[in-house]
Amino acid sequence: MSYRVGVDIGGTFIDFCFFDEATDDLFTLKVLTTPNNPGAEVMEGLRLAEERHGVEPSAISRFVHGTTVGVNTVIQGVGARLALFATENFEDVLELARLRMPETYNLQSYRAAPLVPKDYVFSIRERLRSDGTVSRPLERDSVVAAVEAAKAKGAEGIVIAFINAYRNSAHEREAAAIVREVAPDLFVFTSTEIWPVIREYERTTTAVINGYVHPRVSHYITRLQAALREHAVTAEPLLTKSNGGIMNAELGKQDCVSMLLSGTASGVMGGAFVAGKAGIDNALTLDIGGTSADVAVVIGGKPQFAVGEHVGSHALHVPAVAVSSIGEGGGSIAWVDGFGVLKVGPESAGSDPGPACYGRGGTRATITDAFAVAGLIGHENLAYGAISLDKDRARAVVGAIADQLGWTAEATALAIIKVAISGMYLEVNKLIARHGIDVRDFTLVAFGGAGPMLAPMLAVELGIPRILIPTRPGVVSALGGLVSDIRNDFIASHYLAVEDGNTGAIREGFAVLRERAETWLREEQKFEGEARYLLSADMNYVGQSFEIEVDLDAAWIETGDVDAICRAFHDRHTQLYDFHDDGAEVHIVNLRLVVAAAGPKPTLKSTAETPAEAVPRRTIPAHFTEDAVATGLYVRDELAPGYTFAGPAILTQSDTTTCVPPGFTGRVDRFGNILLTASSAPN
């Protein structure tokens, strides 16, 4: 027997999804995270899997891991002490950034301090022209002097980012070689090895983030590899990536930026997979854990991608699944500000101490405590028996806020939930507007430990008529690691007009990217199967400051079909901005190539639906409004495909609780998913 294992670490729990290759069975686990000893929870999960399900570590054939080590390093500000080597007279690249206010209409907004302070930025005497030719050769003495100054400051690593290096990386590579020669104890990264694109700020800040998280990420991966070997797991661990793909763990020690948003991306991939199996092509995925709510758009079965996602307050300019993160999860703390206004989040109780009702020392009210006071959760143990909710503790901490506001505990609990929903509503609406979609045509796919609790209430506010709750919603992100492809992005800046005279250069540029992709896939990933190569380009009209990504057909590139390339750009421009200009000159700024190779995917079992009305185990009072209503309590595992029920209802299971307000009907599909439909929704 052999098993594939998907693992995802969140702010409160680490989730495990095990797939038995012999029987096609899926089973799952949740373990509380250990912030003071990261990695220990992985070993605890494997121990429990062997104890409860007989999974011997030596039988694990594939181990895919999503981790928050990198993103938490940036958010908590505990990364490496870095020095930045920049071209003389261009030392202020991080300070200047793009000279934009983070929030255009907020005069009190401010930009986060750069990850490299100004006194850790050092001048290097060299200069390349915009075409990549040398204006001033690299002066070795300036590099040596900068290294000595950086070491005197206590720098642990160096990032090298020179002007126009995207055209010619020779000076960056030469400077890196000098650093390794005179200071072998320092790690060094160049901007062109991380993300070789035009625009100095975007290239520099992405390289800086990579260097900033490198020591902690590398240390974590090394410990994980060693621990797996000690536990007789022979499979080389794989890491989920921000772009929804996977890569081998060893590569993740250097290519750290590619895995910063791995956990959120895995959730989207898992949600899209489950939705696709259920016949749903257009979906909004809603992943609510203990710390945040992550929302993404799936159109035509494909998650949407973007460049410029933020990690904390820092922009990450590598392709990633487009996810909007909202600082409101099950552990988000409720509080009253100085004006007597109830607020929720972004501070979270995490797993230590966690919500007060977990009985682990939490003393402040959270969203989870509010659900407990409202009688919506706590009817069965949570997290596979790891947590038994203490409703008295929940009532005490929610009651403390109620005393400040002069309300009852139940009214305060409902207010906390409504404030959380309103914050999610605001951010989700921004995402909807950005993609220009009509949510009435979409299904809300809710997962994560708190997703099914909050999703129906959010759907009512957004006007989304349909909700899908996966069979094991608490571990969909872990499932995402099992269904993700090996995937990587390659980019090169080529500022070219789209005209007949440049078709050869475009063809040659893509050929170079394909060669790099082949090397990465065959030599670094050791993959021998078939692969897909997806071509696109960042394009604009002459005079535009920014560009848009346009998908291209390989046949157009091979035949030099300029008209088809321009037509694709015009169509995309019209889709985004509702106009295009047939007479304007079109330029390519960057060529992009994605290599994707499908790995083995689990087969979800299905059972023919047998229509029947579900019978609740019992009826309980619950507060969907201030007045308690009689609510059917169902055990999820007792609901067979074809069963139906109506709200108000509460569905309990090992990894989450689903709260169904009045006005919804539910049905179990052939995969065991719960499909909720608002009473006013179209058939």
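This short talk walks through the nonpolar cores, one surface patch and some salt bridges of the structure above.

Hi everyone. Before we start, this is a predicted model, where local features need pLDDT of at least 70, side-chain atom pairs count only at pLDDT 80 or more, and totals for chains, interfaces and linings use all residues. Residues are numbered from 1 along each chain as its sequence is written, and side-chain values use heavy atoms, with hydrogens and water left out.

Let's begin inside. A nonpolar core here is a set of buried Ala, Val, Leu, Ile, Met, Phe, Trp, Tyr and Cys residues joined through side-chain atoms within 4.5 Å. Buried means under 20% relative accessible area, exposed means over 50%, and partly exposed is in between, with a 1.4 Å probe and protein chains only. The largest core has 102 residues, and F18, F63, L84 and M539 touch the most other members. Which helix gives the most to this core? That is α7, residues 200-230, with 12 residues. Helices (H or I, at least four residues) and strands (E, at least two) are DSSP runs, numbered from the N terminus. A second, separate core holds 76 residues, among them V336 and A459.

Now take F63. Beyond its neighbours within four places in sequence, its contacts (heavy atoms within 4.5 Å) include V5, V42, L224 and P237.

Next, the surface. L576, Y577 and F579 make a nonpolar patch of about 310 Å². For such a patch, residues need over 30% relative accessible area and no salt bridge; like charges are joined within 9 Å, and nonpolar side chains (Val, Leu, Ile, Met, Phe, Trp, Tyr) within 5 Å. Areas come from the Shrake-Rupley method with a 1.4 Å probe, and for residues only the protein chains shown count as cover. F579 sits in the loop between α17 (562-577) and β28 (586-597), and F579 counts as partly exposed because its relative accessibility is 45%.

Finally, salt bridges: a side-chain nitrogen of Lys or Arg within 4 Å of a carboxyl oxygen of Asp or Glu. How many are there by this rule? The count is 28. In one of them, E21 pairs with R4, with the closest N and O atoms 2.7 Å apart. This pair links distant parts of the chain, 17 residues apart: E21 is in the loop between β2 (13-20) and β3 (26-32), and R4 is in strand β1 (residues 3-9). Is R4 buried or exposed? R4 counts as buried, at 9% relative accessibility, while E21 is partly exposed at 31%.

R47 and E44 also form a salt bridge, at 2.7 Å from N to O. Both lie in helix α1 (residues 40-53), 3 residues apart, about one turn of the helix.
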